[in-house]
Amino acid sequence: MKSKNGKVYLAVGAVSIGLLGAVSLRARPPFTEAQLAEQQQELLDVVNHGRDLWHGSNPEMSTNGLACGNCHPDAAASNPQTFPKWVSEIGDVAPMREMINWCIVHPQNGKALDVSGKDMVALEAYAFYLYRGQKIEPGLAMPTPPDPVKSGVGFPHKPSGVGVDK
Amino acid sequence: MSDETDVTRRRFLGLAGNAGLATFAARAIGVNTGLIEVLSAATKNGVQPFSFAIITDSHLFSIDNHKFDKALADAVAQVNALTPAVDFVMYTGDIAQNGREDQLVKGKKILSALKAPLKVIPGEHDWYLDMGKAWNGLFGKETWSYDHKGVHFIGLNSILVRDFWTGAGMTPVERMSTMEMLESPIAGPWGVRDAQLEFLKKDVQKLSASTPVVIFTHSPLWDYYPRWNFQTEDAPQIREILAKFDHVTSLHGHVHQTIYNKFGNMSSAGALSTSWPWPYPPVKLDYPGSQMNQSDPANTKDGMGSQSVSVDAGGATVAYEPFANSLTPFLKDGLKV
């Protein structure tokens, strides 16, 4: 009896510990404001790295001096929210990373990036960040403009059609 | 007569070898007709009909045999093949990419193959490495005016910014790099500034209101998309000085795309570059739908080219001369400006 009871207690104890373990794994306390700010800063650091790469900071990405920003200021007409989609240059449905590499290899005549490397993640992060808030529409053929107003600082950006905004 | 001219013009364009068949057809029905009308038009108000060409924004790198060298040479061949021959060629800025003297020298050499005389104004990519020293040495003054067959032409330097580099301790290369980035907020808005406004006032003082005026600047003389400096800060003052004229035509580079606007007595048209096309900025505007097709990145000639402008007493018609078939039907007939 004793040993039987002992086994029962042990079994109950093991289940309890198991449950406690499971609960403690799942019930992580919410991130603090400081942690969230830190995580967001990590993202913005990567976005900033992407911005630099977009404007030519990695010489391996180009042999003719051209950078992404030459044709895509403010990531305009890069349309990250429309990927994956059919890309006629590639002849397949492709993610944005493949399109980025196509641009690096062809118009920029450079060396393709590792598709899962830090530089590629940064380029993607920059483009997606400028298009944040846009509706995700994979395959959309028509370009959707980015919203640099949210991301940019500096001189006025809203056109009046005639004069200069102040 | 018109058929003969059409055939001759098409043959010349065929020799230039830069345009697709669809573009030829468009020229035959639209652009050529316009040019023929110009040739047969009677002289009015002392204006003798003529045409000129615009080449712009070649962004030459220092690298030998760069694809942009070839693109500029193609534009030169395209313009040389125009019939009737143009009276002169206007270059509206950004010969160089990084403001280097070797890039400007290379551009001048390629442009020297033009059969017609060349007039030039600077762009920001030509200027901010040495503040125009090399450019001035090669191309002379950046502010000028002259009369041609009854039309008054003006060239201004519209890319002058406030000094952002001295306080920041920037080197000339850093200053240039800042200006090279279209969407950089550091440099702030461009303008022609006080000295050139004074020049303009004096220059047009004695001209009669009926004199047709054509003004060249690198950036548009209206507020298109200031974030990319698709604007000129003191354009309102320029338009005020030119308000007395019956008609003013403003022609500019910088935007690397077809664009048109009209306000008051001024019509404005932007030019295709020879280097790369820029996407239209994220703004909605009410003027006529003059956008070109979205360019195909796999076609290295799509969305680029030169333009011819025919002028008579009634104004001017801008005909885009794309390397590839980039134009929508609206644009293929030319823009009356």
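Which residues does Val79(B) touch, not counting residues up to four places away in sequence? The list is Ala53(B), Ile55(B), Val86(B), Val89(B), Leu114(B) and Ser306(B), where two residues are in contact if their C-beta atoms, placed from the backbone, lie within 7 Å. Before going on, know that this is a predicted model, in which local features need pLDDT of at least 70, side-chain atom pairs count only at pLDDT 80 or more, and totals for chains, interfaces and linings use all residues. Residues are numbered from 1 along each chain as its sequence is written, while chains are lettered from A and ligands numbered from 1 in the order in which they are written.

**Confidence**
- The model comes with an ipTM of 0.83 and a pTM of 0.83.
- Chain B has an average pLDDT (the predictor's confidence in each residue, from 0 to 100) of 85, and 84% of its residues score at least 70.
- Watch residues 1–42 of chain B: pLDDT stays under 50 there, and the model has 55 contacts beyond four places in sequence for them.

**Chain B at a glance**
- Chain B holds ten helices and twelve strands; these are DSSP runs (helices H or I, at least four residues; strands E, at least two), numbered from the N terminus.
- Of its 337 residues, 54% are buried, meaning that 20 or more other C-beta atoms lie within 10 Å of the residue's own, with C-beta atoms placed from the backbone.
- Take the contacts in chain B between residues at least 6 apart in sequence: 72% of them join residues at least 24 apart.

**Helix H4 of chain B**
- In H4 (residues 101–111), the buried residues are Gln103(B), Leu104(B), Lys106(B), Gly107(B), Ile110(B) and Leu111(B).
- They line one face of the helix, because they fall within an arc of 160 degrees seen down the axis of H4(B); the arc is that of the directions from the helix axis to the C-beta atoms.
- Their cover includes H3, strand S2 (89–91), strand S3 (118–120), helix H5 (124–127) and helix H6 (133–139) of chain B.

**A hairpin in chain B**
- Strands S4 (residues 144–148) and S5 (residues 151–155) run antiparallel, joined by five bridges; strands pair if DSSP finds at least two bridges between them.
- Two residues sit between S4(B) and S5(B), and Lys149(B) in the turn has a positive phi of about 50 degrees.
- His148(B) stands opposite Val151(B) in S5(B).

Terms used
A residue is buried if 20 or more other C-beta atoms lie within 10 Å of its own, exposed if 12 or fewer, and partly exposed in between; C-beta atoms are placed from the backbone.
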